[in-house]
Amino acid sequence: MDNYIVSARKYRPVTFRSVVGQEALTTTLKNAIARNKLAHAYLFCGPRGVGKTTCARIFAKTINCLNLTPEHEACNRCESCVAFDEQRSYNIHELDAASNNSVDDIRTIIDQVRIPPQIGKYKVYIIDEVHMLSPSAFNSFLKTLEEPPAHAIFILATTEKHKIIPTILSRCQVYDFNRISISDMVNHLQYVAQKENVLAEPEALNIIAQKADGGMRDALSIFDQTVSYTAGNVTYKSVIENLNVLDFEYYFKLTDAILAGSVINSLLILNDILMRGFEGQYIISGIMSHFRDLLVCKDPVTAQLFEVGASIRERYVATAKQCSNDFLYNAIEIANDCDLNYRLSKNKRLLLELTLIKLCQLSENPAEPSAPAEKKNELKPVTPSEKTQPKEKTEPVQPPNIVSEPKPEIKPAPRAEKKPVGKSMDGLGVSLSSLSKDDKEKPAENTLSNAEAKQNNQLFTEDQLQAAWQDFAENLKEEKLLKNTMTLYKPKMLSNSVFEVEVNTEINKNYLDDHSQAILSYLRKQLLNDDITMTIKISEAIAVKKPLTSREIFDDMVQKNPSLQKLSDEFDLELS
């Protein structure tokens, strides 16, 4: 029985040409070999599995090859190349600094450097994970690294460049390896699948490449795992089952439900996803990325940034046509806010459900998501004949002046510069958007006759106010969140015509602010008092406060004790 070799080792590149996704670096190394301009020390840095150690071995093998090809690659036939392939070359030494990081290990290398090579031109020392060397080992290595013998070349490799001391960096030529793109990984995985006689769908390989996060070694390891799971038939469904990846289909179903404004279907889909064992933060992060991908697919120019299979790309393009840009912008913002607040939330599932409810309310027209339509919270303007009917008494009214602190004895001044929102509710007959510009700019006392003014200043009790407030809330059909807010928070009288609503969050305050004109118009008509004014206040006792950052905590401490700032400056302290 033959020994099994994993794909990451079996298909490890042996020439510069076979290295995947690092064309710029391999071209630079080949040109340096061709022109015989080799440095005495190199530093290869980058993420895991992108080819640092592989390129170091190919470079060491090529510079010692006795018969280079016209493309400046190793011939794989000379004595030096054969010795390297059989792992018996005395010219190439590898050291794992993770387990050999002491001064004695570096001294051993320094002693070996003095001995010239017997075959080939150079002795190459590859030190992997060099950032693991101790400070004393780094310092003992400095002199040799700066002035090594002419036959010695050092190649250092690390995944954490920031841990290398500056004196080492200044003595090396630094090569930064990039993450391998998804398209390059998919092409290489197709090549490996063909060599191994494995049937693989392009969408399945694309999921593997995305899961690998830019590392070819990780991609090949996942590929081997999936081949074992599927017995040689790698499909999209088998890959998402094996890797526990959320299917694209769930995101498309969720998008259709949101565009249709169906809260029920959205919550059912969320429950199905949670029952499959996916964590909430993963779900909301996936929703946010999904809307981002839809936004990218809105334009053919940016669609190339979306690296997926052809069939899935077509599905995204078709769905993106049903979404407006404003819808996608707002959806991404809402999902991002949920992602930021997820860890702080005590009821995480409720936060997810509330986010889906907000997303459903973004849809422009539940019946036809792609067709332009008026917003659901806007009312049709009242006709002029309706405005002139004495019974309705819907003459132009001043926009209310919302103030942070109540002033019971002073009537708030009109704010003509603030544009009316033009929102109203079905069945209430209230419309501020139908007012003409001249009427909005005129003071209320100029637009109302003295007789009408006398008729519309009747006194009312707090019970009557709360009853009219509740009637308005019960007549709301589409604005469910506003209805819940008005039901939860009751108005309280401050004077004969001024009342206050105390809420506990900025969101609730915004709901009332956005619909204040429709609310006041209804209350003024019901209670026969045109001087009714509403103030909205966030209670400090129950307000939901955001956690302070480290900088905000420190600044607060400095205000109480200024000597802390002086101490921080003297010791050059920095907040993490």
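Y191 lies in helix α8 (residues 182-195); helices here are DSSP runs of H or I with at least four residues, strands are runs of E with at least two, and both are numbered from the N terminus. At 40% relative accessibility, Y191 counts as partly exposed. The cut-offs are under 20% relative accessible area for buried, over 50% for exposed, and partly exposed in between, with a 1.4 Å probe and protein chains only. Y191 and Y11 are 180 residues apart in sequence, and their C-alpha atoms are 9.9 Å apart in space.

D224 belongs to helix α10 (residues 216-230). With a relative accessible area of 12%, D224 is buried. Its C-alpha atom is separated by 9.0 Å from that of A8, which is 216 residues away along the chain. Apart from neighbours within four places in sequence, D224 is in contact (heavy atoms within 4.5 Å) with Y4, V6, S7 and A8.

## The model and its totals

This is a predicted model, in which local features need pLDDT of at least 70 and side-chain atom pairs count only at pLDDT 80 or more, while totals for chains, interfaces and linings use all residues. Residues are numbered from 1 along each chain as its sequence is written, and side-chain values use heavy atoms, leaving out hydrogens and water.

The protein has 28 helices and 10 strands. Of its 576 residues, 43% count as buried. Among contacts between residues at least 6 apart in sequence, 73% join residues at least 24 apart.

## Strand β1

In strand β1 (residues 41-45), 5 of the 5 residues are buried, so the strand is largely enclosed by the rest of the structure. In a regular strand the side chains alternate between the two faces of the sheet. Both faces of β1 are covered: A41, L43 and C45 are buried on one side, and Y42 and F44 on the other.

Strands count as paired if DSSP finds at least two bridges between them. β1 runs parallel to strand β4 (residues 152-158), and 5 bridges join the two. Here L43 stands opposite L156 of β4. β1 also pairs with strand β5 (residues 173-176), again in the parallel sense, over 4 bridges. The bridge partner of Y42 in β5 is Q173.

## A sheet of 3 strands

Strands β8, β9 and β10 form an open sheet in that order, with mixed pairing. β8 (492-493) and β10 (533-538) stand at the edges with a single partner strand each, so one side of each has no neighbour in the sheet. β8 pairs with strand β9 (residues 498-503) in the antiparallel sense over 2 bridges. K492 stands opposite E500 in β9.

Helix α25 (residues 506-514) packs on this sheet and touches β9 and β10. The direction of α25 makes about 165° with that of β10. Such angles run from 0 to 180 degrees between N-to-C directions, and axes are lines fitted to C-alpha atoms, for helices over the stretch in contact.

## Helices α12 and α13

Helix α12 (residues 248-259) packs against helix α13 (residues 263-275) at an angle of about 160°, with the axes 8 Å apart. That makes α12 roughly antiparallel to α13, a label for angles over 145 degrees; under 35 counts as roughly parallel, 65 to 115 as roughly perpendicular and the rest as oblique.

From α12, Y250, K253, L254, A257 and I258 meet N265, S266, I269, D272 and I273 of α13. The residues of this contact divide into 6 nonpolar, 2 polar and 2 charged. Ala, Val, Leu, Ile, Met, Phe, Trp, Tyr, Cys and Pro count as nonpolar, Asp, Glu, Lys and Arg as charged, and the others, Gly among them, as polar.
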